[in-house]
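Work through the exercises below with the model open. Each task is followed by a stepwise solution.

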Amino acid sequence: MWDELQFLSRVARATSRRTFLQWSGMTIAVTVAACDDDDEGGDVTAPTGEADPAQSTAEVPATAPPTEPLNITVQARDSAGNPVTVGGEEVIVNVTGANTEGPLEAIDNGDGTYETSYTPLVEGQDSIAVTMNDVAISGSPFTVTIAPTETTIPLGRGDTGLFNYVYALEQLSAAFYSSVLSAPYAGITPEETQVFTEIRDHEVIHRELIKSAVGAGAIPELTIDFASVDFTSRDAVLAAAQSLEDLGVSALNGAAYLLDDVEFLEAVGKLVSVEARHAAVIRDLVAPLTPAFAGDDVVDANGQDAYRTVSQVLQDVSTYVPTAFDASQLPRT
């Protein structure tokens, strides 16, 4: 019998499953744990505990975004709560609620774990029932909230945060003029092409200059959405350009006094003067030979240029940047 046990233990190790031996009217379960590499030297040990659904667990996220696979991993455990290291159980997942899926038969990894997934399409709450051998596992059913992932971009604090704020605006402006020139509207004139090209080149230089100044603390490249702009229409392009240029000038006017570093302040002063030139030439394209370049909407009764607060600017920027900014650490006075 000993030779048979050794043989069966090697079979158990090779298949990662319990093997049964009939002897003298009894059925003996044989399994292997921590065997030596040498087949002849393997030890026969006590069998792994049976999987107990009431003790078995699952990894199910509490929240998940729609349209992305939601992964579920089940760990079989014995009655003492110890992980079972062999497969062979039937694990079924049923999803109800905002989304309905199932029954889903989980993939048996052969090591006591089982995996499945589904892709929720509807926002709301899903109830995920998991059974092992037709018995609910511990914690089942699980509740998952299906909702878009909310992320924010932290701008940082102090001068670094303010420069990140300016960097975000320069990214937006450079992307806008690049979009205009990549597919020009019908009837665009050589003069207009030259204006847009020069402004784009300036904005790209500004963007890279600010990024370099911030260094390792720079915010990432932004995802920008210009779906609200009809780039095939001259009027729509010029209206958006005027809005962005006025926004940039007023944003720099409203942020410059918050800077501590004199060199940073000097850099912003130089930037805002160029941005004001951009704003003037765009307004001249919109309404040639009129005083609109210095209209009452941008210059007050005291002859001073308009300014916007950080919160006002970020609200306007949200039209084009879907990801929210965290400006809570920026200086306010």
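The exercises cover cavities first, then aromatic pairs, in a predicted model.

**Exercise 1. Describe the largest cavity and its lining.**

Step 1. Search the whole structure: 2 cavities of 30 Å³ or more turn up.
Step 2. Take the volume of the largest cavity, about 90 Å³.
Step 3. List its lining: Val166, Leu169, Glu170, Leu172, Ser173, Leu244, Leu247, Gly248, Leu252 and Glu275.
Step 4. Assign elements. Helix H2 (158–182) and helix H4 (234–255) are the ones that give two or more residues to this lining. H2 gives the most, with 5 residues.

**Exercise 2. Classify the pair Phe163 and Phe264 as stacked or edge-to-face.**

Step 1. Count the aromatic pairs: the structure holds 8.
Step 2. Check the geometry of Phe163 and Phe264. The ring centres lie 4.1 Å apart and the planes meet at 20°, so the pair is stacked.
Step 3. Phe163 sits in helix H2 and Phe264 in helix H5 (residues 262–286), 101 residues apart, so the pair links distant parts of the chain.
Step 4. Check burial. Phe163 has a relative accessible area of 2%, so Phe163 is buried.

**Exercise 3. Characterise the pair Tyr177 and Phe196.**

Step 1. Take the geometry: 6.1 Å centre to centre, with 35° between the planes. The pair is tilted.
Step 2. Locate the residues. Tyr177 belongs to helix H2, Phe196 to helix H3 (residues 190–214), 19 residues apart.
Step 3. Check burial: Tyr177 and Phe196 are both buried.
Step 4. Widen the view. Phe176, Tyr177, Tyr185, Phe196, Phe226, Phe231 and Tyr320 form one aromatic cluster.

Definitions and conventions. Residues numbered from 1 in each chain as written. Predicted model: local features only at pLDDT ≥ 70, side-chain atom pairs only at ≥ 80, totals over all residues. Heavy atoms only, no water. 1 Å grid on protein atoms, 1.4 Å probe; cavity = no way out; pocket = protein on both sides within 12 Å on 5 of 7 lines; lining within 4 Å. Points joined across faces, edges and corners; volume = space filled by probe spheres on them. Helix = DSSP H or I, 4+ residues; strand = E, 2+ residues; numbered from the N terminus. Phe/Tyr/Trp six-rings, centres within 6.5 Å; stacked < 30°, edge-to-face > 60°. Buried < 20%, exposed > 50% of the residue type's maximum accessible area, 1.4 Å probe, protein only.
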